[in-house]
Each structure stands twice: as C-alpha cells, then as structure tokens.
Amino acid sequence: MKTRILSVRDDGIDAVSAAFSEVIESGGIAAFPTETVYGLGGNGLLASAAAKIYAAKGRPSDNPLILHIGKEEQLFPLIAEMTAEAEALIRAFWPGPLTLIFQKSEIVPRETTGGLNTVAVRMPSDPTAHRLLMDCALPVAAPSANISGRPSPTSFRHVKEDLFGRADLLIDGGDSAIGLESTILDLSGQVPTLLRPGFITLEKLQAVIGEVQEDPVIRPEHIIAGIPADFRPKAPGMKYRHYAPKAPLTVVRGSAAAVAEALNRIADEDTGILTSEEHAALFQKGRVLTVGRLKDPESIAHALFSTLRRFDELGVHRIYSEDFTEADIGTAVMNRLLKAAGGSVADAETL
Ligand code: TXA
Ligand code: MG
C-alpha cells in the first residue's frame, strides 16, 4: 500500500487536517498523535474500516476499538443512554486521557466493538488530535498505532517503523505527552469498573463519582499468576500479551542495592537493564537504559514504551527491570511493565 506522510510542523495543521478527513471519510486508515500514544484511525461507523485497522495491526478482531471524538455532541448518537455519572466524568476529565464505556446505539457496527453491545469513547486533549477530530465529521475508531503485541508508539519514528506501507496516511505530531494509553472506565454495568489504569487514577475517578471497582485482571498479582485461558476479561484486550519488547523481560523485586548486586553478578553485554536515573550508577554490567526519575513518576510513564523499543534496537537477548512504585501513575506503569514481562517477576535475593 502507498503510504503518505505529513508533519504538523512542516506541512501545517490545515493541510494535515484536510488530508486526515479525506482519508477517514473515504474509508481509509490514518495514524495520528494523541496525548497518550499514537492511534491508527478509521471511520468508526464503517465495518470495512475496522477490518482494515485489524489487518494493518495484525490484531484479533474480537478486540474492540475506541471511538475518538472532538465535540461532546458527537457522543450522544453513539450511545444508548447518558448517565449523571458520565456527565460528571466528562465535565471533570474531557478532553483528556479517559475512555468511557457505554451501552452502544444501533449506528455503531459490531465490527468496531469486537461483537460487544458496548462502545468505548474518548475525547483526546492533544491539540493536533483535537483539531483533526473537530474537523472530521465522523467518530474515529482507533487502537494504538503499533503492530499488535509491540509497545504502543509514543513517537512518530515508532509509528513509521510499524505501519509504513500498511496505512494510507501517517501524521507526525511529535512525541506523546503522557506515553501510556488512556484510563478505561466501564459505565455499562451496575458499578463503574476500571478496566485499564492510566494517567487518570482510580483515586481521581473516585473523587468525582464515589464508588469505582477495579477489574481483577488489572491487579499485579493476577498479571503475575496469569489469566486462565477460559476467563473472559471485560476489556478483551487485557487477555493478550502486550507492550512486549522482543527479548524476554523480568521485573526484579528487592531493594535497589540487592537488585544491583544480583544483576552485576549475572548480566553480560547481551543483557538489558531498565532502571531509574537515581539507580543507574549502581549497575556496572549490561546495557543500562534509564527510564526517568523516581521522584517524577510521570517521567517514567513518558519514557517506558520508547525505552522498551530501544532494547529491541540494541538487540539484547534478555532484559531485567527494577520494580517501580505503584503510587499514582505508577499503578499504570507497573501494569504495562508486568504485562510486557508476561507476568515474569523474580526476587533479587534468589536470582
Ligand atoms: O490512549 C488510548 O486509549 C489509545 C489512543 C490511540 O487513544 N488507544 C488505545 O486503543 O489504547 P487500544 O485498542 O490499543 O486499546 C483499547 C482497549 C483494549 O484493551 C480493548 O479491549 C478495550 O480498550 N475496549 C475497547 N472497547 C471496549 C468495550 N466496548 N468494552 C470493553 N473494553 C473495550
Ligand atoms: Mg494497544
């Protein structure tokens, strides 16, 4: 497939937005930046656009897509019913990195929702995404713009690596501000349920609507124990191995000194070590990459996926990571890191 590339900086937002609308409205697919990660978009009301997205990513088609909108009025035709909780959350967090799940209306094809009766919707805050979605008359179905299973793309270079030749248009809008996918909250059942942790934390959601429960599959202990093959998580995407670098990854638990002692003993030049800037000096062996500062957890969220991809480029055979705190955005960081590790953890003492 012929892929066109446009950059917001070089080509200007007007030209980029016109090209984006043209691709979406004619049934094509286009990658675009958002504040979380890059998305691969298509017409959210057209079954054949969803099929193109699944094919380009190599993604199982039972894994539903999120619809992206630019204006609140675009939400109502997509959903069966608006609730007071949804209104409060939208007022507090949209535009922004929060995806809400509703009972869907008739106009949303089941091909887009992976066969479900519900639909996920979000309104990105990234200025480029917001402008593209305001100008486009259609809701845009968009998963992360990576080949299925790889870390989500947080810079244009990653998008090009994965999707050149597989999409009609790739839009360069610079690096993603947050670097981890949106928080997903399911409002379609009795109790609002967190299906994927993100920048908008459980505590922030509870502060607005009170009771929110967590889907058990997002808890670290469940990722480590593994989800049984016959279990059906509410967010179908959560059952797949995700975000993974090419080399096997293990999260090492213990004090920084114990982790460094163990890895200085077993690491060689083919071993990747993922650590914080504060702890980097403790490691004397292996290919050490820092992922941000412990005292600034958002910097770790921002760099996590790009650092996992960097290990692929270095060609390491094995990766070990330190364990990051689970406070605030750290919950989402550890969720992605443990999923990238396929639940593999080890204690520094026994390594
Ligand atoms: O930040 C984001 O959300 C990014 C950017 C591009 O907006 N998108 C993204 O999409 O992460 P994707 O497809 O990589 O992840 C969507 C997740 C999947 O785990 C999927 O199973 C879940 O959302 N999901 C989508 N619709 C759902 C629904 N109706 N019910 C339950 N889970 C749903
Ligand atoms: Mg994804």
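**View 1. Domain 1 and domain 2 bury about 2100 Å² between them.** Carbon and sulfur atoms carry 58% of that area. Buried area is the accessible area (1.4 Å probe) that two parts lose on being put together, summed over both. Leu180, Ile223 and Ile224 supply 29% of what domain 1 buries against domain 2, more than any other three residues. This is a predicted model: local features need pLDDT of at least 70, side-chain atom pairs count only at pLDDT 80 or more, and totals for chains, interfaces and linings use all residues. Residues are numbered from 1 along each chain as its sequence is written, and side-chain values use heavy atoms, without hydrogens and water.

**View 2. The two domains of the protein chain.** Domain 1 spans 4-225 and domain 2 spans 249-350; the bounds come from an automatic or database domain assignment. Their C-alpha centres lie 28 Å apart. The contact (heavy atoms within 4.5 Å) takes 28 residues from domain 1 and 23 residues from domain 2.

**View 3. Glu181 forms a salt bridge with Arg336.** The closest N and O atoms of this pair are 2.8 Å apart. A salt bridge is a side-chain nitrogen of Lys or Arg within 4 Å of a carboxyl oxygen of Asp or Glu. Five salt bridges are counted between domain 1 and domain 2.

**View 4. The side of domain 1 that touches domain 2.** Two elements give two or more residues to this side: α6 (156-163) and α8 (220-225). Helices are DSSP runs (H or I, at least four residues), numbered from the N terminus. The largest share, four residues, comes from α6.

Technical notes. Chains are lettered from A and ligands numbered from 1 in the order in which they are written.
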